[in-house]
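Here are my notes on this one, as promised. Have the model open while you read, and follow the points in order.

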Amino acid sequence: MKLLVKLLVHGVLITALLVALTDASFTGAILTALGIGIVAYLVGDLFILPRTSNMMATIADAGLVFVMLWIIGGVANWTLDFSEVLLIAVLAGSFEYLYHM
């Protein structure tokens with residue numbers, strides 16, 4: 001159930017921002033959001049969070065979102081600059097902090 005909530009929120013948040021801020025297609029944005037959500041759940045929630053604190057898992061999740069978006073945006077040749085990637089990562093990290101509580 002927690003994975004479903006995470007994927008839904010990541011899906012809406014990241015997809016909406018990618019479509020609004022870049023030239024990403026809706027399909028590309030939703031696939032990116034789902035991929036990020038799954039990887040963030042596996043790494044942040046199942047591996048890092050049980051071993052550390054909420055803050056550490058949140059920072060790891062936000063960093064993961066930043067790196068994955070930067071790489072995917074470059075590979076997909078999206079018009080995604082540093083400030084946009086940072087904005088999406090910060091908003092995703094804010095959600096993660098509340099989600100881990």
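1. Start with a buried pair: aspartate 61 and lysine 6 are both buried, where buried means under 20% relative accessible area, exposed over 50%, and partly exposed in between (1.4 Å probe, protein chains only). The two form a salt bridge, with their closest N and O atoms 3.7 Å apart; the term asks for a side-chain nitrogen of Lys or Arg within 4 Å of a carboxyl oxygen of Asp or Glu. Aspartate 61 sits in helix α3 and lysine 6 in helix α1, 55 residues apart, so this pair links distant parts of the chain. Helices here are DSSP runs (H or I, at least four residues; strands are E, at least two), numbered from the N terminus.

2. A word on what you're looking at. This is a predicted model, in which local features need pLDDT of at least 70 and side-chain atom pairs count only at pLDDT 80 or more, while totals for chains, interfaces and linings use all residues. Residues are numbered from 1 along each chain as its sequence is written, and side-chain values use heavy atoms, with hydrogens and water left out.

3. Back to lysine 6, which counts as buried because its relative accessibility is 0%. How many salt bridges does the whole structure hold? A search finds 3. Lysine 6 also forms one with aspartate 45, the closest N and O atoms being 2.9 Å apart. That pair links distant parts of the chain too, with lysine 6 in helix α1 and aspartate 45 in helix α2, 39 residues apart. Aspartate 45 is buried, at a relative accessible area of 9%.

4. Glutamate 96 is another partner: its side chain meets that of lysine 6 in a salt bridge (2.9 Å, N to O). Glutamate 96 lies in helix α4 and lysine 6 in helix α1, so this pair ties together parts 90 residues apart in sequence. With 1% relative accessibility, glutamate 96 counts as buried. Through shared partners, the salt bridges join Lys6, Asp45, Asp61 and Glu96 into one network. As background, side chains of opposite charge can pair when their charged atoms come close.

5. Now the helix that holds lysine 6. The 20 residues of α1 should span 28 Å at 1.5 Å a residue, and its end C-alpha atoms are 28 Å apart, which agrees; the expected span is 1.5 Å times one less than the number of residues. Buried residues of α1 are Lys6, Leu7, His10, Gly11, Ile14, Thr15, Leu17 and Leu18. What covers them includes α2, α3 and α4, going by contact, meaning heavy atoms within 4.5 Å.

6. α3 is worth a slow look. This helix has 22 residues and reaches 31 Å from its first C-alpha to its last, close to the 32 Å expected. Its buried residues are Asn54, Ala57, Thr58, Asp61, Ala62, Leu64, Val65, Met68, Leu69 and Gly73. They cover an arc of only 160° around the axis, which puts them on the same side of α3; the arc is that of the directions from the helix axis to the C-beta atoms. These buried residues pack against α1 (2-21), α2 (26-48) and α4. On the face turned away from the buried side, α3 carries the exposed residues Ile71, Gly74 and Val75.

7. Check the loop between α3 and α4, where asparagine 77 lies. Asparagine 77 has a positive phi of about 60° although it is not a glycine. At 63% relative accessibility, asparagine 77 counts as exposed.

8. Phenylalanine 82 is in helix α4 and counts as partly exposed, at 48% relative accessibility. Which residues does phenylalanine 82 touch, not counting those up to four places away in sequence? They are Phe66 and Trp70.

9. Last, the surface. Met55, Met56, Ile59, Tyr97, Leu98 and Met101 form a nonpolar patch with about 650 Å² of accessible area together. The elements giving two or more residues to it are α3 (54-75) and α4 (82-100), and α3 gives the most, with 3 residues. Patches are made of residues with over 30% relative accessible area and no salt bridge, with like charges joined within 9 Å and nonpolar side chains (Val, Leu, Ile, Met, Phe, Trp, Tyr) within 5 Å. Accessible areas come from the Shrake-Rupley method with a 1.4 Å probe, and for residues only the protein chains shown count as cover.
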